[in-house]
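Please open the model in your viewer and keep the selection panel at hand. The stops below say what to select next and what is there.

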Amino acid sequence: MLSANEIRKVVAERTEHQKGTGKKVVDVREELDRLEDRGEVIVHRIRPANRPVPLTTLFGWTKQIPTDRLWHHKSCGQCGNIPGYPSSLLWLMNETGRTYLNEPHQTSCTAWNYHGTATSNPVALAAVAARNFHRAYETDHFPLIHCGTSFGDYKEMRKLLVENATVRTKVRDVLRKMGRDLVLPEEIVHYSEWVHAMAPEIVARKKHSLTGVVATVHEPCHYYKMVPEDAVYDDRVYAGQRPAVPSGILMELGATVADYSTWYDCCGFGFRHILSEREFSRSFANLRKIRPMVEEAHADVAITSDTGCVTTLDKSQWIGKTHGLPYMLPVLSDVQFAALALGAHPYKIAQVHWHSASAEALLTKMGIDWTSAKAEFREYLRSLKNGAAPELLHPAHGEIENYFAINKGQVLPEEVPAASRVPGATAPIVGGRSE
Amino acid sequence: MSIVAHLPRRVLSLTEEEAANPPAMELTGRRKATGPEHELAETIFAEFRQDPRHHEFVLGCLNCGECTTGCPAARFYDFSPREMLQIAATGDATTLWDAMQEKIWACCQCYTCNMRCRFGNDIAGIISVMRELSVVHGLESTRKTLAPFGRSLTLLMTVGTQVSSDMIQPDFFRDWGPFATGSDKVWDVSSDVMRKAIPSDVLQTTRSSWEVSVQTSLELFRIYEETGVLDMLRGLDPDLTEMLIDIIEERREEFQDARGRFAKEIAAMRGPVASFTG
């Protein structure tokens, strides 16, 4: 696999080559400013209310990571079959006093489908991205992308919309037919970057020692192999030669991050394969990822930061025992692992029971009394079955939001004078969610 | 003596019967496009080479094989990103047609090849262009490959999410084991109750990844109508497309009813919620 230095060189040369065509830009953020000046796009800026933290990308550029007042761009795969992933992130935001919107007015990026079946096209993908961007903008909350593929796709779509005037015009026309406009965020931010930026605040709340816990990291392909120049690197993590997320938070929490030979391989998800050709996905996941993690690194847990990767690495293992691969290595997202370390309920919040490979031995090693928690959760399920109201991390939405993407009374960003763009200039905040 | 001399004669020359009924596959294993198929192959090849992305994604190739060395699909399929790039760069209508029957669908879209390519080719991207063309032209092989996706395409087109928890049924995901699919057996409650135990109201559904408002799903469908995606799908599966239109028509009626019920609240609002009429 190429080192970060080599990747840097390749990407720089490619950019030079493409610049020669006159169609490509080096840093889309600079071009965004020019397009905004010409009235072609609205740039969704990161404001002081978003409490940004600077991180560094592959090229050494500064990337501002908003840590507050966020619009959760959920992942369809996470919410569909590993819901402890988003709930752990929401829980961490509540614990650290961050505000957010978690709305029913979002679609997925639809890129899982595109990479799986190709029943879409770049204009449609760009319009889907821009619709979600506009919705986040009109609520005055900055989009935080949960999924690695959405993150990669949105970086590609932002680049496409900046570089291609024809696509830009088509997308703007479509959006205006539904009363929206072309908004592009100043930064495309993956939630794991939020975790990396928030590491000091997260670590300060740690309740369980992770000494002796060995974690192997699967780096999600679409986080750093799509538009690689925009991924976050940190000299403290593998000397800046691999992406900083999600390894950084594991190290900060005190776990041992162990290396293994196939760290750069994909997980085997394949987009199409995980649904209709799983013999490939499970073979690849078990032979190329789980086996080296266990046999080379003696891992207690595999940690990753993307939807498809958690799904494939976790769910592929149960069948492995029929082929002499009886590993059942727990697979968690970085936020589930961090939430557990901070004392989150393993079943009510981290929802580890949706995973095929049991996390219970890991919980024991982390010093978490999972037997009591499990009994409590079983009792909770019984109460829900009997009609009890569920416990929620944020206020429930009203009936009107089943139908309408309502404006909740926030001050629309274009109506905010620049001088007043400071924390507190917008609507009051109730609970974990801005209202 | 040449090895050819040892081969049975009939391999080297066709019998009269074989000449009258040529096999679908050439001796090299390459599928031949003949008759109307040949014309379609030529059309697709021309469209492929004229796609603006071709010039952006295909930059050059030394045949070094770095892409294939790191390719997950190459380990399990008769597939090579190097070959795909070579076909994109130098192939003809027949080789492209051949690759589009099966090989393009082996790619995992992980972008590892892109990351390893010293030329900076977008190999995953050019394979996506080939796939798009196979959908646009409704190739029979593509129909067969994508036949299992009716349910997920329905979800995607109507609410914009790819999966729902009620898709993860034991009959289809037996290999995932009881914890991923059998909440009722493991926890003695229904899947509805398991979803209720997720601490966010928008996630407490089994029919989609999360609850999606009607306005949002109608806006998404408008995008599909306006950008040609619905037409792409119609070429691939006309019955599914008609069903999707019926579902959306019902949602439009539901939306209009709701506009009546919430007229007072909507009148007080600004932005798309006030102007979008479905």
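This is a predicted model: local features need pLDDT of at least 70, side-chain atom pairs count only at pLDDT 80 or more; totals for chains, interfaces and linings use all residues.

Residues are numbered from 1 along each chain as its sequence is written, and chains are lettered from A and ligands numbered from 1 in the order in which they are written.

Next, select residues 1-5 of chain B, where pLDDT stays under 50 and the model has zero contacts beyond four places in sequence; two residues are in contact if their C-beta atoms, placed from the backbone, lie within 7 Å. Then move to residues 7-13 of chain B, whose pLDDT is also below 50 and which have two contacts beyond near neighbours in sequence.

Of the 278 residues in chain B, 44% are buried, that is, have 20 or more other C-beta atoms, placed from the backbone, within 10 Å of their own. Among contacts in chain B between residues at least 6 apart in sequence, 65% join residues at least 24 apart.

Bring chain A back into view and select the residues where the chains meet: 92 residues of chain A are in contact with 81 residues of chain B. On the chain A side, helix 6 (residues 122-138) gives the most, with six residues. By class, the side of chain A that touches chain B has 42 nonpolar, 32 polar and 18 charged residues, where Ala, Val, Leu, Ile, Met, Phe, Trp, Tyr, Cys and Pro count as nonpolar, Asp, Glu, Lys and Arg as charged, and the others, Gly among them, as polar. For the model, the scores are ipTM 0.90 and pTM 0.91.

Finally, colour chain A by domain, with domain 1 at 30-191 and domain 2 at 193-384, bounds that come from an automatic or database domain assignment. The C-alpha centres of these two domains of chain A lie 24 Å apart, and their contact takes 41 residues from domain 1 and 42 residues from domain 2. Within the domain 1 side of this contact, helix 4 of chain A supplies the largest share, eight residues.

Key
Helices (H or I, at least four residues) and strands (E, at least two) are DSSP runs, numbered from the N terminus. pLDDT is the predictor's confidence in each residue, from 0 to 100. A residue is buried if 20 or more other C-beta atoms lie within 10 Å of its own, exposed if 12 or fewer, and partly exposed in between; C-beta atoms are placed from the backbone.
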